[in-house]
Amino acid sequence: MDGVHDMGGMDGFGKVVAEQNEPPFHAPWEGRVLAMQRAMGYAGAWHIDHSRFAQEKLPPATYLTVSYYHRWALAMESNVLERGYATPDELKAGHAKTAGKNLPRKLTPDVVGASLSRASFYRPQQGPQKFKPGDRVRTKNIHPATHTRLPRYARDKVGVVELCHGCHMFPDSVATDRGDNPQWLYTVVFESRELWGPDADPTLKISIDAFEPYLDPA
Amino acid sequence: MGHMSRVGDHLVAVENTPKRHNMIVCTLCSCYPWEVLGLPPVWYKSAPYRSRAVKDPRGVLDDFGIKLPKDTEIRVWDSTAETRFIVLPMRPAGTEGWSEEKLADLVTRDSMIGTGLPLNPGQK
């Protein structure tokens with residue numbers, strides 16, 4: 001979706017300010033939110049792309065003004081409600097009022113270590129690989145109203161395929177409950193002037209990881 | 001480098017050379033090789049970094065007090081899928097023959113994101 005989360009190339013956000021001796025969390029609740037997110041992920045309540053999409057759907061003013069883990073918490077609330085794990089009434093009360101829907105599995109202390117392993121996003125190949133390193137490609141001019149990994153700044157641009165990462169589950173499908181729909185994944189490199197015009201820094205090159213449905217031969 | 005089973009199955013290390021400096025960003029959210037580097041710092045997930053890294057990386061480096069030669073190629077990797085990238089910093093001058101352990105002491109987190117350079121011998 002053409003949301004405010006798609007920030008690449010926007011102006012006006014100011015300098016990058018690094019905090020010295022930054023703690024892992026700035027308040028105890030942030031750690032709890034991270035733990036809850038992990039627990040719900042392990043439970044199979046929804047996919048990580050549903051979390052991402054839920055964040056993108058927050059009102060732009062909210063997205064830009066709340067902290068990172070607050071955004072996670074708000075997205076989690078949306079998914080809990082949308083997927084029927086709790087009612088608005090229960091969220092407000094802070095406890096269950098009905099038996100509720102069962103989770104596919106539960107994160108318990110004995111499996112926490114194993115649950116931190118990152119899942120594999122590889123999927124069996126679904127068809128022949130259309131592009132190979134060195135091929136020139138043009139990204140599509142698409143504006144889906146749902147989750148996509150093709151950032152606005154890299155739409156309808158010509159680049160060169162540099163790497164092929166095999167077939168991966170396709171987030172655009174996963175986030176909208178249309179299954180894994182595996183697709184070939186490539187690193188595509190663009191010259192800065194192709195993205196940012198004639199005044200761009202000529203020493204700069206930018207790459208994105210692009211799924212095959214985003215690409216046409218150029 | 002050692003065992004990295006928690007990274008999942010797709011981590012790509014990109015090497016800095018005298019000709020090329022690499023920088024990692026996730027413009028859409030906060031993708032980061034956290035299994036190797038830990039939780040990302042707040043600035044990595046912030047709007048200023050996500051918006052500017054792909055368009056004005058030299059300006060971002062300036063915010064970190066880093067100035068690169070004008071002719072150094074800058075390559076920005078936007079982590080838009082599940083592939084994770086990590087920068088292999090350049091060996092600092094005067095460290096020839098150093099052990100892996102001794103070299104590791106010079107490597108900073110930011111030098112593996114590309115917003116910093118490794119420490120020089122004697123800076124540690």
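The following dialogue explains how to read the interface of chain B and chain A, and then a helix and a loop of chain A, in a predicted model.

Q: What conventions apply to the numbering and to the atoms used?
A: Residues are numbered from 1 along each chain as its sequence is written, and chains are lettered from A, with ligands numbered from 1, in the order in which they are written. The model is predicted, so to speak: local features need pLDDT of at least 70, side-chain atom pairs count only at pLDDT 80 or more, and totals for chains, interfaces and linings use all residues, while side-chain values use heavy atoms, with hydrogens and water left out.

Q: How many residues of chain B are in contact with chain A?
A: Contact means heavy atoms within 4.5 Å. Here, 47 residues of chain B are in contact with 54 residues of chain A.

Q: What area do chain B and chain A bury between them?
A: Buried area is the accessible area (1.4 Å probe) that two parts lose on being put together, summed over both. For this pair it is about 4,400 Å², of which 53% lies on carbon and sulfur atoms. Of the area that chain B buries against chain A, B:Leu28, B:Lys55 and B:Glu82 supply 16%, more than any other three residues.

Q: How many salt bridges does the rule find across the interface?
A: A salt bridge is a side-chain nitrogen of Lys or Arg within 4 Å of a carboxyl oxygen of Asp or Glu. The rule finds seven across the interface of chain B and chain A. The side chains of B:Arg58 and A:Asp201 meet in a salt bridge, at 3.1 Å from N to O.

Q: Which strand of chain A is joined to E3(B)?
A: Strands (E, at least two residues) and helices (H or I, at least four) are DSSP runs, numbered from the N terminus, and two strands pair if DSSP finds at least two bridges between them. Strand E4 (residues 204-211) of chain A runs parallel to E3(B), and five bridges join them. Within this pairing, A:Ile208 stands opposite B:Asp78.

Q: Why is H2(A) described as largely enclosed?
A: Buried means under 20% relative accessible area, exposed over 50%, and partly exposed in between (1.4 Å probe, protein chains only). Eight of the nine residues of H2(A) are buried, so the rest of the structure largely encloses this helix. The buried residues pack against H1, helix H3 (60-65), helix H4 (68-82) and helix H7 (171-174) of chain A, together with E4 of chain B.

Q: Where is A:His47 placed?
A: A:His47 lies in the loop between helix H1 (28-43) and helix H2 (48-56) of chain A. A:His47 is partly exposed, with a relative accessible area of 22%.
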